[in-house]
Amino acid sequence: MENEIVTKQTKLAILAVALLSFLGILVETSLNVTFPTLTEEFNVSLGTMQWATSGYLLMVTVVMSASGHLIKKFKAQHLFRIAVLFFITGTILCASAVSFPMLMTGRLLQAVSTGLSTPLMFQIILSLVPQSKMGVYMGIGSMVNSFAPALGPTYGGLFTSFLSWRAIFFIAIPIILVSIWLGGRNIQLEAVGTKQRFDWIGLVLLSWVFVSLSVAFANAGNNGFYSLSH
């Protein structure tokens, strides 16, 4: 008879990765309400500042497209550590940013983390949770990704109004430390292995298409679809 008990180790492993994924999405949506403040502080246009979100989402999409291969090839613990390293580095860069390029670099690093941690969370659920409880835990995982965007604008608005937009990032660091502690002790999922070679050309082409479309629509928004000047 199938074991229908979800072990404490599995629950904590899911929690560790869910915290990382939740923070990535929370920070992404909370930063949107700070754009008026950031455009003045960094002396850039709103169109330029919107790349802090557009570039983030593009990077998440690209990394997620490669995550299926990475999850098969590498242990979950290794991917988790890489995701944590990217998130912490990106968060520190964003919190201490003195220019838009510095902020953008931090956002892209955070995007790599989210692109790894979100599929990893579902992979742990699919691999370690019994079939009878799969629906519950998949629902919890989906709820994490749905609740963060709903909370983000309020989270960002409160800190921007009463402290500083930089607090959005500083507050995330203690939560990340909790995630590191939980993940380091409880994530034990081995790689299933694969002999397939990764399609780097496909990834580059996919990235080029996404970036081209984003730039085209950004330019169209600034200059109009029928503008001949750009």
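Helices here are DSSP runs of H or I with at least four residues, numbered from the N terminus. The views below are taken from a predicted model.

**View 1. The protein chain of this predicted model is built from 10 helices and 0 strands.** From the N terminus on, the elements run α-α-α-α-α-α-α-α-α-α. Of the 230 residues in the chain, 42% are buried, and the chain exposes about 12,300 Å², of which carbon and sulfur atoms supply 67%. Among contacts between residues at least 6 apart in sequence, 80% join residues at least 24 apart.

**View 2. Helix 2 has a buried side and an exposed side.** Phe35, Leu38, Thr39 and Phe42 are the buried residues shown in helix 2, and because they cover an arc of only 100° around the axis, they lie on the same side of the helix. An α-helix has 3.6 residues a turn, so residues three or four places apart point the same way. On the other side of helix 2, Pro36 and Glu40 are exposed. The cover over the buried residues of helix 2 includes helix 3 (46-49), helix 4 and helix 6.

**View 3. Phe42, Trp165 and Phe169 form one aromatic cluster.** The count for the model comes to 3 aromatic pairs. In one of them, the ring centres of Phe42 and Trp165 are 5.9 Å apart and the ring planes stand at 75°, so the pair is edge-to-face.

**View 4. A salt bridge joins the side chains of Arg166 and Glu41.** The count comes to 1 salt bridge, and in the Arg166–Glu41 pair the N to O distance is 3.0 Å. Because Arg166 lies in the loop between helix 7 and helix 8 and Glu41 in helix 2, the pair ties together parts that are 125 residues apart in sequence. Glu41 counts as partly exposed, with a relative accessibility of 40%. Side chains of opposite charge can pair when their charged atoms come close.

**View 5. The largest nonpolar core has 55 residues.** Those with the most contacts inside this core are Leu38, Phe42, Met49, Phe80, Leu103, Ile125 and Phe169. Two or more residues are given to the core by each of helix 1 (8-30), helix 2, helix 4 (51-73), helix 5 (76-95), helix 6 (100-128), helix 7, helix 8 and helix 9 (172-186), and the largest share, 11 residues, comes from helix 1. In soluble globular proteins, nonpolar side chains tend to be buried together.

**View 6. The contacts of Phe80 are shown for residues beyond four places away in sequence.** Leaving out residues up to four places away, Phe80 touches Ala16, Val17, Leu20, Leu120, Ser179, Ile180, Gly183, Gly184 and Ile187. Phe80 is also one of the residues with the most contacts inside the largest nonpolar core.

Notes: Residues numbered from 1 in each chain as written. Predicted model: local features only at pLDDT ≥ 70, side-chain atom pairs only at ≥ 80, totals over all residues. Heavy atoms only, no water. Phe/Tyr/Trp six-rings, centres within 6.5 Å; stacked < 30°, edge-to-face > 60°. Salt bridge = Lys/Arg side-chain N within 4 Å of Asp/Glu carboxyl O. Buried < 20%, exposed > 50% of the residue type's maximum accessible area, 1.4 Å probe, protein only. Core = buried A, V, L, I, M, F, W, Y, C linked by side-chain atoms within 4.5 Å. Contact = heavy atoms within 4.5 Å. Areas by Shrake-Rupley, 256 points an atom, 1.4 Å probe, with all protein chains shown as cover. Arc of directions from axis to C-beta.
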